[in-house]
Amino acid sequence: MGVIDISNPYCLTKVKASLPGPEALRLNCSVARRRKGAVSMTSQIPVEQVHKSQQRLTGDSFIRPHLRKLSPYQPILPFEVLSTRLGRKPEDIIKLDANENPYGPPPEVLEALGTLKFPYVYPDPESRQLRAALAIDSGLESDYILVGCGADELIDLIMRCVLDPGNKIVDCPPTFTMYEFDAAVNGALVLKVPRNPDFSLNVDLIKDTVDKEKPKCIFLTSPNNPDGSVISDEVLLKILELPILVVLDEAYIEFSSIESKMQWVKKYDNLIVLRTFSKRAGLAGLRVGYGAFPLSIIEYLWRAKQPYNVSVAAEIAACAALLNPSYLEVMSSLAHGKASSTSSALNAPQSKSKRMVKEKFGTKPEWMTKRCLWGR
Ligand SMILES: Cc1ncc(COP(=O)(O)O)c(C=O)c1O
């Protein structure tokens with residue numbers, strides 16, 4: 001790794017010495033081109049031999065070996081594709097395969113997007129407005145919060161910052177499959193510690209696995225996808241005692257009666273908590289997730305993240321959603337069967353499919369909280 005100073009002849013000699021034949025040849029040619037403005041061969045390798053070795057190169061030979069074996073992630077089918085396949089209008093389809101929130105975002109989001117002022121300027125790399133709003137929403141200072149292009153991006157970013165190829169993670173299936181997928185992309189090994197028949201975590205087996213295999217991190221989902229089970233404080237505390245980074249994914253926290261653990265990152269240096277606007281505010285299509293991190297970790301995520309990872313539209317939409325706490329409360333009370341079916345926040349401009357969801361499932365979206373979180 002590192003940088004090669006192409007203008008430094010000493011540096012080049014050292015690099016060439018460490019490169020195999022054809023690579024050294026290619027470097028010679030390109031340097032010669034730079035220096036003289038013309039191609040001049042400095043290699044003694046016969047031309048036929050060069051052609052032969054070049055012919056052998058296929059595109060996949062450039063791909064990292066572990067990625068050549070990667071099975072592709074099975075993504076969901078978008079409305080347009082489903083619509084064509086089923087011969088029905090998107091508005092007539094109730095889509096449950098990716099746990100999107102079919103009620104959609106509160107009306108403030110559509111208004112804010114309609115008046116977007118500066119789409120031609122790159123977004124704020126620090127998502128300052130949104131982080132400030134999230135600090136108020138969560139009660140955790142914005143220094144501990146980082147925003148991403150969905151929680152998915154943050155899962156990958158954490159792995160890129162924490163894992164070397166060959167490192168291990170603990171996964172507790174059945175659960176969200178992106179942990180396994182991102183681990184494979186990052187060349188990490190996945191140690192599976194299956195959940196108990198009632199979907200609770202097998203804490204003893206997790207402890208044994210940590211002792212024996214020395215994994216670097218564990219991904220826990222509470223409420224879990226696909227079953228909706230939650231992790232008790234007692235169990236979480238036991239796992240936090242282990243020498244392992246705990247990534248707690250709270251994508252569905254708003255649909256449960258438990259409190260978010262975002263504040264805990266101030267106390268536990270090995271805890272990261274992930275949240276998302278996809279479920280709580282119906283913004284899956286705009287891609288906004290966020291996470292709470294210990295200060296000793298967040299610093300490195302700032303360094304490694306893509307500078308413009310959250311679009312202008314995504315930031316504005318998420319801020320607008322936070323401006324309607326009653327919508328967010330209704331979403332959460334729906335899960336507890338508290339909201340009345342005439343709740344004004346839900347009766348905001350709604351599509352036929354949203355009305356159909358309400359007719360079919362009522363205002364208590366059991367499909368989000370109980371035993372039927374389908375899809376991803
Ligand atoms: C447990 C869990 N975490 C994270 C995500 C992805 O969230 P986002 O849309 O913010 O990437 C999902 C999506 O289904 C999920 O089920």
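**Overall contacts, a helix pair and a strand pair**

Of the contacts (heavy atoms within 4.5 Å) in the protein between residues at least 6 apart in sequence, 68% join residues at least 24 apart. The model is predicted, and local features need pLDDT of at least 70, side-chain atom pairs count only at pLDDT 80 or more, and totals for chains, interfaces and linings use all residues. Residues are numbered from 1 along each chain as its sequence is written, and side-chain values use heavy atoms, with hydrogens and water left out. The protein has 17 helices and seven strands, taken as DSSP runs (H or I, at least four residues, for helices; E, at least two, for strands) and numbered from the N terminus. Buried residues (under 20% relative accessible area, 1.4 Å probe, protein chains only) account for 45% of the 376 residues.

Helices α8 (residues 150–162) and α9 (residues 178–185) have axes that come within 10 Å and cross at roughly 40°; axes are lines fitted to C-alpha atoms over the stretch in contact, with angles from 0 to 180 degrees between N-to-C directions. The two helices are therefore oblique to each other, the class left after angles under 35 degrees (roughly parallel), over 145 (roughly antiparallel) and 65 to 115 (roughly perpendicular). The crossing of α8 past α9 is right-handed, the near helix being turned clockwise from the far one by less than a right angle. D152, I155, D156 and M159 of α8 meet M178, Y179, D182 and A183 of α9 in this contact.

Strand β1 (residues 145–148) is covered on both faces, with I145 and V147 buried on one side and L146 and G148 buried on the other. β1 pairs with strand β7 (residues 289–292) in the antiparallel sense over four bridges, pairing requiring at least two DSSP bridges. Opposite L146 stands G291 of β7.

Notes: Buried < 20%, exposed > 50% of the residue type's maximum accessible area, 1.4 Å probe, protein only.
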